[in-house]
Amino acid sequence: MERWRLRSLLALVASAIYLYGFPSTTIAYEILVLFHLAVGILLTALLLPFLFRLPRVDTLLARVGWVFLAAGAVLGIILIFIGTLSRLKPWLYTHIALCVIGSLFVATAWLAAHGWFGTTATQRVLRFAGLVLATAAISAGAWWSREVRRRNANRIVNPQMPAASMDGEGDGPQGKFFPSSAQTKHNGYIPAKYFMQSDACQRCHEDIYKQWYGSAHHFSSFNNQWYRKSIEYMQGVAGVQASKWCAGCHDPALLFSGLFDKPIKEIVDRPEAKAGLSCLMCHSIVQVKSTMGQGDFVLEYPKLHELAASENPVVRTLHDFLVRVNPEPHRRTFLKPFMRTQTAEFCASCHKVHLDVPVNHYRWVRGFNEYDNWQASGVSGQGARSFYYPANSMMCADCHMPQVRSNDFGNIDGFVHSHRFPGANTAVPTANQDQTQLELSQKFLQDKQLSVDIFAISPAGNEVSMPAGAKMGRPELSTSFAVGEEADTSLPSGPAGEARPVTAPLGRVAATVRRGDDVRVDVVVRTRKVGHFFPGGTIDAFDVWLELQAVDEKGQTLFWSGKVEDDGKGPVEKGAHFYRSLLIDAHGNPINKRNAWANRAAVYVHLIPPGAADTAHYRLHIPENAGDKITLHAKLNYRKFMWWNTQFAFAGTHDSNQPPGAVTPDYDDRKWLFKSVDPKTISGELKAVPNLPIITVAEDRKTLDVVARSAATPQPKVTLAKEDWSRWNDYGIGLFLQGDLKGAAAAFQKAADIDSQNPDGWVNIGRALVQEGDTAGARIVLAKALALTPGLARANFFYARILKEEGNYDEAISRLRDVLAQYPRDRVVRNEVGRILFLQKKYAAAVAEFNQTLAIDPEDLQAHYHLMLCFSGLGDVARANEHKERYLRFKADESSQAITGPYRQAHPEDNNERQQIHEHVSVALNAPAKTGKRAATPPATAANQPGGSP
């Protein structure tokens, strides 16, 4: 009997080491799990009667060891029934600890009885210590294999050199899924049913399944009418192959099974077309190859999933039992370490895109990009130059997968990450008539993500679009999205006008206006809890705008910018202050059908960076019949999608009376009509054109006193209160980002006057002065900031800029190195160091710095440009040409802006919005509208111009 006990123990120890150190989803591993359980039960049965005789047999050490093993065995039996889920892991490790200690003592007693420990006390102590060390080494090795080796093998690391063309991405032109960059591990197809079996996950993850079911991820495919229409249109114009560019992140059941080779109209009613992004899409990603997005991931089809989804109840029950008793192989298959530790990089695989020749028949163009501006900002904790920093750095899941209470098997301390993925999509739940998801999206949008502040008024003069002498830098990257702190080429430079005499901050000072005068109203919109540009996503398709109304105490509406036609159901008036990307095709038609492949030029891209602000300007005329009080009401409004796009998606059809050649992949000159809806062509619960909700994200009200025309001209009034520090700072940020450097410096000075001990006021004055070229003035204020906080990274960065301009390269690099010690992943700082090293002709050292930049972003334009120059300086022509090729690939097509000329002439409101500094005026108000009820306007009709109305 003793022999069987020892043999059972040896088998358990050997199997336990393997099971703990090398988990895998294989039949052999699961058989070993069952073997371990069976032998454990056998040993427990053998131990129980032995325990009654234990005091009369063996040595004290052996008896202690068998007691530990018995305790561990009993706990093991209990774990067979209750499982070893995350919340029960302490019991699993208690079981392991008891068994390790017991095994050590039993092994020691057995070896001592057989003379392995020697005869002297010294020998016994040393050999016992050796056995303990061996046990510890085996345990540590198993832990290292289980945890560290896996973590190191599952990291997202960028390549040093991106592909020279889209043909080098994914599997290339001969690949099954091209031009998506997505790949499968076995280079083959994956059965469509695999992506349609999320209900199998529901058995253990009921709450998560229900959350996902209403999410935008679930409705990413042809169960989403907006997406359905865009792909039907794309395939009709650009072909089926090009539309695979979308399918890599939207249609896994179709793309990875090969069904997407057929036109979608042939298969749109199949269940595979409505699977969306299922659980098994995201959780089957085993590698993310870069942060360049575009579906740059690798999927693996785990064969054992067929056990989970089996219709055989015995097989299904056995699978569920094995998962509960040892969930580690399941976790390793479906929850890779990078999903938790590199969440943003993981999400970037789909939430960052680019187009190129196989898709747009044109060139490389950046599409939407949620990753880079987050990574370079203060929100990520990786950007050194931000205006604001949250208390703790944040990743995507912190906002879009918040923890919610759940009893799911995977819960940790009673919480799981929400798989409703709360965000700004109010359209899909409206079409699905899903009130729960809609309310979640609305709550998310209104959860103090942004703020609106009617901050100042000033006399309105003869405004120009920009201050005289200012030169606005334009993003050199070819992009349809905004460029923020990940680049330094979009900032204003040069002398910039004069500061305005303002009355501010409103609400703190009593502001007075005079009948017959025009005043400028400044409204500040600040991103507070947004970790990327606002708005994010496909920004050419949303209605996001700032609305301002002025109403007197008599109920007369005196001013209205941002009015919505058709009593709030139609398009937004064209002169509103929009936050969006306005793109046009090769013939100057607006990109409003989600036809991003036809984009040839950006008329404007107007977004707010994370931790920053925008200052909008309105020209308000005070009429003679105005009352004695005027209430200003500003609202930041959000509607997904824009009115025109929704009409197109549900009821759009082109006018059949079109000349030949009216549409190509480069342009669409056709006229579009909005006819009655055919329910058979509509996805979703609602079989009619939805009236999408307009969500007020943030709002503010301020009151102005009105005096007679004969009264003296109201004088500017300014009050400085400690509570208004951030209001002045936000105002300055908005002015700074639009190139009003003098106005920004004046606003920042007010912040510094309020709190001279806050270094950020001085730093921000320094920003403005450095951009203006006033290095002497900038040196003074930055020195004040550094006297308060010597190690402040953003102050040292701008001070290094001054040193560089003065030719003091070594000290500039020294300060930049201090910045990098705190923020090693700030690509602009890296490029700045590399640029100075290049100027010093230290080409090899400069190459090292720029390579660090490419490790952060392989598509960084400035890094490729300077690497081209550095390798030329080193005489390495081949490598210089490699980087030249990438530089030319990513660089903007400057000549494309010529297309915008005729469009801007025909659309003066859009031309006004394009200007960095501009004013908005009221819509025509023929008859004063009473407050609370908008003046009716004629119903919106079909667009009669080519491409429709933007």
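**Notebook: sheets, helix packing and local features**

I began with a sheet of four strands, which is open, has mixed pairing and runs in the order E8-E12-E18-E25. Strand E8 (450-459) and strand E25 (919-920) are at its edges with a single partner strand each, so one side of each has no neighbour in the sheet. I note that strands are DSSP runs of E with at least two residues, helices are runs of H or I with at least four residues, and both are numbered from the N terminus. Two strands count as paired if DSSP finds at least two bridges between them.

The model is a predicted one, in which local features need pLDDT of at least 70 and side-chain atom pairs count only at pLDDT 80 or more, while totals for chains, interfaces and linings use all residues. Residues are numbered from 1 along each chain as its sequence is written, and side-chain values use heavy atoms, with hydrogens and water left out.

I then looked up how E25 joins the sheet. Strand E18 (residues 613-621) pairs with E25 in the parallel sense over two bridges, and Tyr618 has His920 in E25 as its bridge partner. Helix H24 (residues 725-737) packs on this sheet and touches E8, strand E12 (518-527) and E18. The direction of H24 makes about 90° with that of E18. Contact here means heavy atoms within 4.5 Å; axes are lines fitted to C-alpha atoms, for helices over the stretch in contact, and angles run from 0 to 180 degrees between N-to-C directions.

I found another open sheet with mixed pairing, made of three strands in the order E1-E3-E2. Its edge strands, E1 (183-184) and E2 (285-288), each pair on one side only. E1 and strand E3 (residues 297-299) run parallel and are joined by two bridges; Gln183 has Val298 in E3 as its bridge partner.

**Helix packing**

I next examined helix H28 (residues 793-805), which packs against helix H26 (residues 759-772) at an angle of about 30°, with the axes 10 Å apart. H26 and H28 are therefore roughly parallel; angles under 35 degrees count as roughly parallel, over 145 as roughly antiparallel, 65 to 115 as roughly perpendicular and the rest as oblique. Among the residues that meet are Val763 and Arg767 in H26, and Phe798 and Ile802 in H28.

What is the angle between H28 and helix H29 (residues 809-822)? I read about 160°, with the axes 8 Å apart. That makes H28 roughly antiparallel to H29. The residues in contact include Phe797 and Leu803 in H28, and Leu816 and Val819 in H29.

**Disulfide and local geometry**

I recorded one disulfide in the structure, the term being used for a pair of cysteine sulfur atoms within 2.5 Å. Cys249 and Cys350 form the link, with sulfur atoms 2.0 Å apart. Cys249 lies in helix H8 (residues 240-250) and Cys350 in the loop between helix H16 (343-348) and strand E4 (352-355), so the pair ties together parts 101 residues apart in sequence.

I also checked the backbone. Most residues other than glycine have a negative phi, and most peptide bonds are trans. The bond from Phe178 to Pro179 is cis, with omega near 15°, and Pro179 lies in the loop between helix H5 (121-153) and E1. Lys640 and Phe641 are also joined by a cis peptide bond, with omega about 5°. Asn187 is not a glycine, yet has a positive phi of about 60°; I located Asn187 in the loop between E1 and helix H6 (206-213).
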